[in-house]
Amino acid sequence: MSEIKTIHLKEYKKPAFSIESVNLTFELFEEYALVSNIMSIKKIDETQSILSLDSIDLELKELWINDLQLSDSRYTIEDEKLNVLNVPSAFTLKIINKIYPQNNTELEGLYKSGTIFCTQNEPEGFRCITPYLDRPDVMSVFTTTVIADKELYPVLLSNGNKTQCHDSFDSRHGVTWEDPHPKPSYLFALVAGDLGSISDEYTTASGEYVELNIYCDKGNESKCHHAMKSLKEAMLWDEEKYGREYDLEIYNIVAVDSFNMGAMENKGLNIFNSAYVLADTDTASDANYMGIQSVIAHEYFHNWTGNRITCRDWFQLTLKEGLTVFRDQCFSSDLNSSEVQRIEDVKALRERQFVEDASPTAHPIQPKSYISMNNFYTSTVYEKGAEVIRMIHTLLGEENYRKATDLYFETFDGQAVTTEDFLWAMSEASGVDLSAFKLWYHQSGTPKLEVKESYNNGVFTLSLKQIIPDTVSGKTQQVYFYPLKMALLDENGIELLEKTLLISKELEEFSFEGLSTKPTLSINRDFCAPIIIEEEHSNFSFLMKHDTNSFVKYEAAQSFAIETIEALMRNEGLNEEYIEAYGHLLDLDIDLSYKALLLELPSVSTLMQRMSIVDFEPIYKAKEELSLRLATVFKEKLLNIYTQNHFAKSVELDALSMSQRAIKNRVLRALSSLESQDITLLAKTQYEESLTMTDRVVALDILENTHPTFAQVALRDFYAKYKNETLVMNKYFSILAASDREGTLQRVVALQNDEVYDEKVPNLVRSLVGVFARNYKHFHSKDGAGYSFVANKIIEIDKINPQMASGLCGAFKIYNKMNDISQTLMKVELERIISTQELSKNSFEIISKILKINKK
Ligand code: BES
Ligand code: ZN
């Protein structure tokens, strides 16, 4: 553990050297690759005589300054550095080194996904390729030549524009790419392979022609059209909404199967996890289609928010990620149902970010320190970061926000900047003072707002109290400044007023006069602020029926269900009023996908977050009791909704067809808690007849959880049909790993020997082991077998791919909220993991935080 180093934001120093240009040549072979790296370097700080380049596992072949090859005495190679001694003020440094992409299972730097050479360099992968000032504030112009076997690798790609093809008489060929835009090394990319592709074109608002290509494994070309359509939608949206145009002659996207994350925004050459590119109606669900649209857009939007303007250091990550997530959320909201989009985004925030913010790994959207930067691509930096930008948008208003982003782009184009610089632009262009708002960047934990109402003589008074959690280490934190959208409704649900309050103190009162009767409060409309509202009692059933804000209406339905389930958990009986209100929801004539959300019961995770000591059994039990009651009472209505919206032969992807699938699958799930013959038959028939993956997967999941014999037949059929489609097999593994049934762990263990399963493919590991680790029922089984299995996998996978392993460690973040018996079982496993020889710093960072919290 000796080399474990913590990096601190406060230790940031400007680079001492600049790299004006880089000329890279890659010679790719079947066992290794040779990299030639020629940099033109200048001193910024004349007092420095040592150039210290980042480098991991360096196998140095040659080192030159200008025309002089350096002897051993002119440089040192440390752990993760190549130090060149006595360097002049300006010089050309040439490095030739050897790397082994074929053995790279970490999937960082240059590696092979199947037969394709590809790269992943954010945040610090470039140093695995060649020595470099591998930090985002060193921006340079890259020229890249890739040389490889003609037949095995006909397609050779890198960033920017293709400027030369080198054809020789032997079996090898080469291509040179030039990227005119200075960029940090983390945006460098290279791809070589025998790829299929589809092409299209786009003409920018100012008339520039752009060639668009999407590359994939041969045979998958027909599955790339939705991604292409999404790319063009994103290009147009960024022109219209932000005035941002694309800036190269070519935009390439490559889909690969082995990828740690979703996708990467490398300049002019995005590399994608194939799960976010490939889709057709037979193999992709509606959710997959939406996911592709948003990830394609996200990576495209980075071209301005991330690439043209990048981060000064990795502590600024939310500068590009929070902002770009906000942009992709707005894009999806504009292109699809905005009410559904907002609810889905809030759901994701609460399920992942709120949980993280209450855990031992809680951190501000701008963290202060890290051991492994890879661990900070978190839902806090991303989703809470996006909420922070959304609040700025609310505070400024649409028009000022646009002025402010224009100023941001104008001022900082071509630079590596900080969140302070962003906030400067926001406030400079709008005149809105954001000094108090900045706290959102530096504090952790989810703020609460205690709400009390009173009504006297026509005056309605809101008393608000901010409750701010301590940091993980027990330090108190300050109250926030934020916008809070609210409304008052009269007894018919008519809006009496709507206002955005500015909250800034610990205790505050707001009074509203001239109200003839006591109004009903609708608070945190649109989930304007990422906080937890705590209210003694609120009129949930009224708001469910009458609120004019689609988010608060949903929220009321959720809150009412939570209240009902929690009463059941306390053995207080079932609140009949809730049953009636649910019946009202069933009758609503509204957008069907929105309705599907209104009918969904709160997740186990939502209920779990509200307990100080978590016990899953009562949650499951109460939820099952409520579901069963609802299904029994409303069986006929639910069945009616099902038949009215079920068209087995429809494969259309328009909004109406998708929302019909959403509602009918929601009611089928609701009905499935009856576990009756007629409903399981309905699910079985849906599985057999439907032509979409959406319908098949829901039916399969229902059968798996309610009817083992039907499930066995359907699963066998599914496997036979799709065993050659890895993306579909992810769904198969997920359904089995998430199953409620007895024996789930044993089946998961056995599935690791399935010929389709491959521990080196992150998607497969996530869908089997990752999904199991979030299957509360079985992960937390009382005998500790779930913990022990996941711990074994972490230890094993850590040696292959540390990033994947530390992702799995996340399952143990709930440690300090479990009861003593579970904690004792978990502790054994956590200590076993942390005492593993050569544990990666990624896993070490997460596990050590989990263990420390309990020591205090
Ligand atoms: N820049 C990231 C990719 C990335 C993630 C690099 C982690 C290094 C480490 C990319 O823009 C991104 O954010 N991808 C997301 C998907 C996105 C839609 C939120 C991802 O990969 O999960
Ligand atoms: Zn991103």
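Predicted model: local features only at pLDDT ≥ 70, side-chain atom pairs only at ≥ 80, totals over all residues.
Residues are numbered from 1 along each chain as its sequence is written, and chains are lettered from A and ligands numbered from 1 in the order in which they are written. Local features need pLDDT of at least 70, side-chain atom pairs count only at pLDDT 80 or more, and totals for chains, interfaces and linings use all residues; side-chain values use heavy atoms, with hydrogens and water left out.

First, select residues 762–773, helix α21. Helices are DSSP runs (H or I, at least four residues), and strands are E runs of at least two, numbered from the N terminus. Ten of the twelve residues of α21 are buried, where buried means under 20% relative accessible area with a 1.4 Å probe, protein chains only. Among them are L764, V765 and F772.

Next, select F733 and Y757. Their rings form an edge-to-face pair, 5.8 Å centre to centre with 80° between the planes. Rings of Phe, Tyr and Trp (its six-membered ring) pair if their centres lie within 6.5 Å, and planes over 60 degrees apart count as edge-to-face. F733 lies in helix α19 and Y757 in the loop between α20 and α21, so the pair ties together parts 24 residues apart in sequence. F733 is buried at 0% relative accessibility, and Y757 is buried at 8%.

Then select F779 and F812, another edge-to-face pair, 5.3 Å centre to centre with 70° between the planes. F779 is in helix α22 and F812 in the loop between α24 and α25, 33 residues apart.

How values were computed
Buried < 20%, exposed > 50% of the residue type's maximum accessible area, 1.4 Å probe, protein only. Phe/Tyr/Trp six-rings, centres within 6.5 Å; stacked < 30°, edge-to-face > 60°.
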